[in-house]
Amino acid sequence: MKAYPKIIGRILEALRESRTVCVVGHVRPDGDCIGSQLGLTLALRGQGKHVACWNEDSVPQKYRFLDADGLFQKPQRGSRFDCVIATDCASFERLGRAGACLAQRKVLINIDHHESNTRYGDMNWVSAREPSTGELIYRLLKAARWPITRPIADCLFTAVSTDTGSFQYATTRPGTLHVAGELVGRGANLAKICDEVYQSYSLPRARLLKRVYSRFRLTHRDQIAWFSLDKSDFSRTGADCDDTEGLIDHIRAIEPVIVACLFEQLEPGLTRVSLRSKSDRVNVNEIAAQFGGGGHPAAAGARISGKPQSVRRRVIAAIERVLDSADSLKALKK
Ligand SMILES: [Mn+2]
């Protein structure tokens, strides 16, 4: 039998002893978060557990097909759980309002793949070399020998696919493709998933994208591409914040660009910054950390207070510093 990390055994032991479980994820959930939460929820329900699946925010439209039974709920105060499992969530704060509703719990398990994870659980299975949390959930289910049904396969495939940029990011490993293959083998509906997730953008999002293309800026010898969206961009296009997912990839995909950056105005004095890097010499998780955020080396973000213009200046300056020191390192090695 294949050897699994010890932590998996400890997590399964805790789950076997639990009757009531709550599966939570980070605010503004992405495909990996939704797929991991739902996949795990379905698997635990299959084992006869009473499982609540919580997220502060609702499921983005393009992932709703995964939750046909409406399992996702808003966090409820006064709930008690034998066990709480957070998936894809780098810090306890990222659980948002769910965090405050989870005080009455026995164990908190943290299953995640963010480099910036703060290990806030009683048990922490944090594997930053994993391209998605979905892959970790898959391995958990395999180790437990719990059945991976068709709906679970759909959820986990969506998780793995979205967090690898459809198997394009450098984090994708042979094991990732193997897991994806197994999931398709177990009935994951590839055509349906790709249609819902990648081929069903809303019209407001298309209007937003038009603005991105007409307004993005290049700086630092075209190595940095950035754009910002303010409140009026949302009101005039009819877009909501879910519609911004993936917009940044359009400017990331320009040849000379090394770092792409999106500034999104959440409130007058609060900006959400998303960062993407195409070079392993630029770790955007470290840049985001300077502003109290985090994520992965190639994809990270932060929420920063201050005037939009000054936030923009500070973040771009931080990126420039890293690019310059990466350049000088390269020059030294020559
Ligand atoms: Mn993830």
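This is a predicted model: local features need pLDDT of at least 70, side-chain atom pairs count only at pLDDT 80 or more; totals for chains, interfaces and linings use all residues.
User: What makes Asp 32, Asp 88, His 113 and Asp 163 donors of the manganese ion?
Analyst: Their distances. They coordinate the manganese ion at 2.1 to 2.3 Å, and a donor must be an N, O or S atom within 2.8 Å of the metal. The atoms are OD of Asp 32, Asp 88 and Asp 163, and NE2 of His 113. Along the chain the spacing reads D-x55-D-x24-H-x49-D. Asp 32 sits in helix H2, while Asp 88 is in the loop between strands S4 and S5, 56 residues apart.

User: Why is Asp 32 called buried?
Analyst: Its relative accessibility is 0%. Buried means under 20%, so Asp 32 qualifies.

User: How do you know whether Asp 88 is buried or exposed?
Analyst: Its relative accessible area is 1%. Exposed would need over 50%. Asp 88 is therefore buried.

User: What makes the link between Glu 130 and Arg 139 a polar contact?
Analyst: The side chains are joined at 2.7 Å, and the cut-off for N or O pairs is within 3.5 Å.

User: Why does Gln 223 count as buried?
Analyst: Gln 223 has 12% relative accessibility. The threshold is under 20%, so Gln 223 is buried. This residue lies in the loop between strands S7 and S8. Its contacts beyond four places in sequence include Pro 256, Leu 323 and Asp 327.

Terms used. Residues are numbered from 1 along each chain as its sequence is written. Side-chain values use heavy atoms; hydrogens and water are left out. Donors are N, O and S atoms within 2.8 Å of the metal (3.2 Å for Na, K and Ca); water is not among the atoms, so sites may look incomplete. Helices (H or I, at least four residues) and strands (E, at least two) are DSSP runs, numbered from the N terminus. Buried means under 20% relative accessible area, exposed over 50%, partly exposed in between (1.4 Å probe, protein chains only). Contact means heavy atoms within 4.5 Å. A polar contact is a pair of N or O atoms within 3.5 Å; within protein, one must be able to donate a hydrogen and the other to accept it, and residues adjacent in sequence count only if both atoms are side-chain atoms.
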